[in-house]
Every structure is written in structure tokens, then in C-alpha cells.
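Please look through the sequence and the model shown here before reading on. The report that follows goes through a few of its features in turn.

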Amino acid sequence: MRTIGLDRVTLAYDDAGPERGTPLLLVHGHPFDRTMWRPQLQRFAAERRVIVPDLRGYGASPGAVAGWTDFADDLVGLLDGLRVPRAAVAGLSMGGQIVLELQRRHPGRVAGLLLADTTAAGEPDRDQRLSMADRLLDEGMDPYAVEVLYRMVSPHASGAVADHVLAMMRATDPAGAAAAQRARADRPDHLPRLGSVAVPTVVVVGAEDEFTPPADARAIAERVPGAELVVIDEAAHLPNLEQPEAFNGALLRLLERVDRSEDRSAIAGD
């Protein structure tokens, strides 16, 4: 693990792999941390640079966001600090929503998108989101973690995966998670702008995801020009952990498209 001091925040992150091809930035969901990307870091750091941060208020990154755009701006600060001009960016659940915000606010930094088990729509129930923030502060993470574990992962998940997911949720700072929930309650609706996304895009979803079901993934894929939709069987909300081979295959196809696109752009620029 490394750390980097940015404006008003210190982020913990992993940074591994050679300077070859387009760098890959992986953005975790709520209420997890960067270790949820362990299978992808192990697979892709053998061939390219892979950057995996803990978001502000999660994992080993202290503090709490003041507003929704903080997450995306933190990621740009991280890329700036690591001197990475553009990256293929993958985000899952809340991470996917953050990635969409990153692409909206800083489109030149995003060379490709993988949006996993997420929605591009605005918050459907703001009051419920705010109530959840209050609950996390009042009760801590453990009751929520136990309650949702087998909605996060399917009954097909191995015991090791379920234990990892439960441990991540229990270890999350309630204050950081609550602040993120409040910020998330005010996130914008990205559906109307998806037709303007002009980078290679893959949309992935677990077939048994109850939080963001396949219909949400189709709504994104149908609007982004040229997007590929991948539905992964025997997986719920965390297909990257439950079915890593299938998920990595989808991510590999994105990276191959991104590398080709970046090579063409470099040639045209010359």
C-alpha cells in the first residue's frame, strides 16, 4: 500500500505493473475498499499499470467527502500525482456512479469505461438514502453488513468470497460511509448524457443482482454508442469476486479496445 497527499485528503492506493498499454484505474463500491479488486489486480498488473485506490472515507483513506463531486476530483488528483494523463477506468456499484461523474467532469482523463453493477439514473429515494446514513452512524456497520451479505453475493459464492465481503463491510468507517451516502443522495441523473460518451465502454452485471439488476445495465448499454453488455451468471452484486474469470474476460476485451483506440489517436496526433 502507498499513500499520496492531495488537497484536503490523503488517499491510500496500490500501484503495480509495467508502463505498457493504457493504465487501468479501478474504483471500488460501497461499503468496500480497494481489496475488492484483488482478482483484477493480480490478473492485469502482469501486463500493464493498475492503480487501485481506497476512496475517501473507505479502507485506509481517512476523512469524509463533503459532496458528491469530491470522489471524482480525488481520482483526478491521484492521476495527476501519479502523472497518468489518461486511464481506462472501471467502477462497480457506487464506483460506477463515481466513474460516470469522473467522465462527465474530466472527460479527457478517461480512455475507456467499464461500468459494473451500477445505475446511471439519479437517486430514486433520497430520503431512504439519508436514513441509511443515519442508521450507519447510529448502529455501526455490523448490522447492515450481516443483513445485506447474501444480497451482495449470491448463494453460489465461495465461503472465502463471502468472508472477504463481510470483512470489508464490517471494517468500513461508519462516518465515511454515512458521508458518502448523503453525497450520493444528490448525485445527478446521467442517463440523458450517455449518448455523448465517445470512448470504448463495457457494461457488466451479475444475473442475480438485486441492487442494480440487469435492467439497469441494459439501460446504460442501450444509450452508450457501441457499448458491450455482459451478464454474468451465478453472480449477484460483485461478479468481479464471485466469477472473476468471466469478469476479467469482459475487462480484457475493454482494454484491448482501449489500447487500439489510443494507438490510433497517437498515430493521428503524429
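Which helices each supply at least two residues of the lining of the largest pocket?

## The largest pocket

In this predicted model, the helices that each give at least two residues to the lining of the largest pocket are helix H3 (94–105), helix H4 (126–139), helix H5 (142–152) and helix H7 (174–184). The space in this pocket comes to about 650 Å³, and among the 30 residues that line the pocket, those closest to its centre are Gln 128, Arg 129, Gln 181, Arg 184 and Phe 211.

When the lining of the largest pocket is sorted by residue type, eight residues are nonpolar, eleven are polar and eleven are charged. Phe 211, one of the residues closest to the pocket centre, also has Arg 151 over the face of its ring, at 4.2 Å from the ring centre.

## Aromatic pairs and charges over rings

Two aromatic pairs are found when the whole structure is searched. In one of them, the rings of Trp 37 and Phe 247 have centres 6.1 Å apart and planes at 50 degrees, so the pair is tilted. Because Trp 37 lies in the loop between strand S3 (24–27) and helix H1 (38–44), while Phe 247 belongs to helix H10 (residues 244–269), this pair ties together parts that are 210 residues apart in sequence. Trp 37 is buried, with a relative accessible area of 0%, and Phe 247 also counts as buried, at 0% relative accessibility.

The other pair brings together Trp 68 and Phe 71, whose ring centres are 5.9 Å apart and whose planes stand at 80 degrees, so this pair is edge-to-face. Trp 68 counts as buried at 6% relative accessibility, and Phe 71 counts as buried at 0%. A charge over a ring is found at Phe 44 as well, where the charged end of Arg 43 sits 4.6 Å from the ring centre.

## The annotated span and Asp 134

The unreviewed UniProt entry places the feature "domain: AB hydrolase-1" at residues 24–248.

Asp 134 has its place in helix H4, one of the helices that supply residues to the lining of the largest pocket. With a relative accessibility of 39%, Asp 134 counts as partly exposed. From C-alpha to C-alpha, Asp 134 and Met 1 are 31 Å apart in space, and they are 133 residues apart in sequence.

## Backbone details

Most residues other than glycine have a negative phi, and most peptide bonds are trans. Against that background, the peptide bond from His 30 to Pro 31 is cis, with omega near 0 degrees.

Where in the structure is Arg 8, and where is Glu 234? Arg 8, which has a positive phi of about 70 degrees although it is not a glycine, lies in the loop between strand S1 (2–6) and strand S2 (9–16), and at 67% relative accessibility Arg 8 counts as exposed. Glu 234 is found in the loop between strand S8 (228–232) and helix H9 (239–242); its phi is near 55 degrees, again a positive value in a residue other than glycine, and at 42% relative accessibility Glu 234 counts as partly exposed.

Notes:
Residues are numbered from 1 along each chain as its sequence is written. This is a predicted model: local features need pLDDT of at least 70, side-chain atom pairs count only at pLDDT 80 or more; totals for chains, interfaces and linings use all residues. Side-chain values use heavy atoms; hydrogens and water are left out. Rings of Phe, Tyr and Trp (its six-membered ring) pair if their centres lie within 6.5 Å; planes under 30 degrees apart count as stacked, over 60 as edge-to-face and the rest as tilted. Helices (H or I, at least four residues) and strands (E, at least two) are DSSP runs, numbered from the N terminus. Buried means under 20% relative accessible area, exposed over 50%, partly exposed in between (1.4 Å probe, protein chains only). A charge sits over a ring if NZ of Lys or CZ of Arg is within 6 Å of the ring centre and within 35 degrees of the ring normal. On a 1 Å grid over the protein atoms alone, a cavity is a set of points where a 1.4 Å probe fits but cannot get out, and a pocket is an open set with protein on both sides within 12 Å along at least five of seven lines; lining residues have an atom within 4 Å of a point. Grid points are joined across faces, edges and corners, and a volume is the space filled by probe spheres set on the points. Ala, Val, Leu, Ile, Met, Phe, Trp, Tyr, Cys and Pro count as nonpolar, Asp, Glu, Lys and Arg as charged, and the others, Gly among them, as polar. UniProt positions are given in the numbering used here, feature names are shortened, and annotations may be inferred rather than shown by experiment.
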